Amino acid sequence: MFKRSLALVAGVALSLSTLMSQAAEVLKVSAIPDEAPTELLRKFKPLGAYLEQSLGMKVEFVPVADYAAVVESLAADRLDMAWLGGFTFVQTRLKTGNAIPLVQREQDEKFTSKFITADASVKSLQDLKGKTFAFGSVSSTSGSLMPRYFMQQDGINPEQFFSRVAYSGAHDATVAWVQAGKVDAGVLNASVWQKLVDAGKVDTAKVKVISTTPTYYDYNWTVRGTLDPALAEKIKQAFLALDPANPEHKAILDLQAATRFIPTKPENYTGIEEAARSAGLLK
């Protein structure tokens, strides 16, 4: 009986050990939901396959409901890595104290947001006084925080300047709202705007850009601080090895709207943190 109990305990321990080993062999990855879920998955699939090959481990994409869920999941070690905006990175870093930004796209060093409208009479931001306006998600760096910050720098308080301020939840949704006349104008990140234009998903004869923000640091791939440092380094090197001269790599980069990936560091996002504190979004 005693021997059987020991054997049972040993068997359970071995099963748990095997499960933990298998869990460690799965890299759980997510992204802030700044576009439709189907689009996020489409963009990630080739990258996920490339990472599986480079790392020699399974890579699983885990969709999340909203921006806050990405921050919480990284902090609770339910995710190993995530594509974050500058603001969500700042939130994650402040919450965990040790989240590590690995790489960003080359253009994320000098990112911008585009103000758009379908109102032919509007030529500048000042022409939008008293009209309706849409940001993306409240937690979006390029769809809310930085455009709001730059408007405030120009003396525009959105809640007082516009007749109504709404939040579409995602960049592509903002374009759809403006194009359909649901709002008079909106703002979204330059990368998604260009992608939608290139794909013919926005009528540029109707919807136009009226202003572009100054540059700021934005998106990056971040890993949880408790991830094995050797694995984190392998992930970083895999991103840095993506070569636009390689057709297979270029297809991956194109889906990520990237020319190439470059290293990044927490200090790059101090400007985002300052803007968030100025806007009262951080305590």
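**Notebook: salt bridges in a predicted model**

Entry 1. I looked up Asp 80 and found that its side chain forms a salt bridge with Arg 224, the closest N and O atoms being 2.8 Å apart. Asp 80 lies in the loop between α3 (67-75) and β3 (81-84), and Arg 224 lies in the loop between β10 (220-223) and α9 (229-240), so the pair ties together parts that are 144 residues apart in sequence. I note that the model is a predicted one. Are Asp 80 and Arg 224 buried or exposed? I found both Asp 80 and Arg 224 to be buried.

Entry 2. I then asked how many salt bridges the structure holds. The count is 13.

Entry 3. I turned to Glu 35, whose side chain meets that of Lys 195 in a salt bridge at 2.5 Å, N to O. This pair links distant parts of the chain: Glu 35 is in the loop between β1 (26-31) and α2 (37-55), whereas Lys 195 is in helix α8 (residues 190-198), 160 residues apart. Glu 35 has a relative accessible area of 5%; the limit for buried is under 20%, so Glu 35 is buried. Lys 195, at 25% relative accessibility, counts as partly exposed.

Entry 4. I also recorded a salt bridge between the side chains of Glu 35 and Lys 43, at 2.7 Å, N to O. Lys 43 is buried, with a relative accessible area of 14%.

Entry 5. Which residues are linked with Glu 35 in a network of salt bridges? I listed Glu 39, Arg 42, Lys 43 and Lys 195 together with Glu 35.

Definitions and conventions: Residues numbered from 1 in each chain as written. Predicted model: local features only at pLDDT ≥ 70, side-chain atom pairs only at ≥ 80, totals over all residues. Heavy atoms only, no water. Salt bridge = Lys/Arg side-chain N within 4 Å of Asp/Glu carboxyl O. Buried < 20%, exposed > 50% of the residue type's maximum accessible area, 1.4 Å probe, protein only. Helix = DSSP H or I, 4+ residues; strand = E, 2+ residues; numbered from the N terminus.
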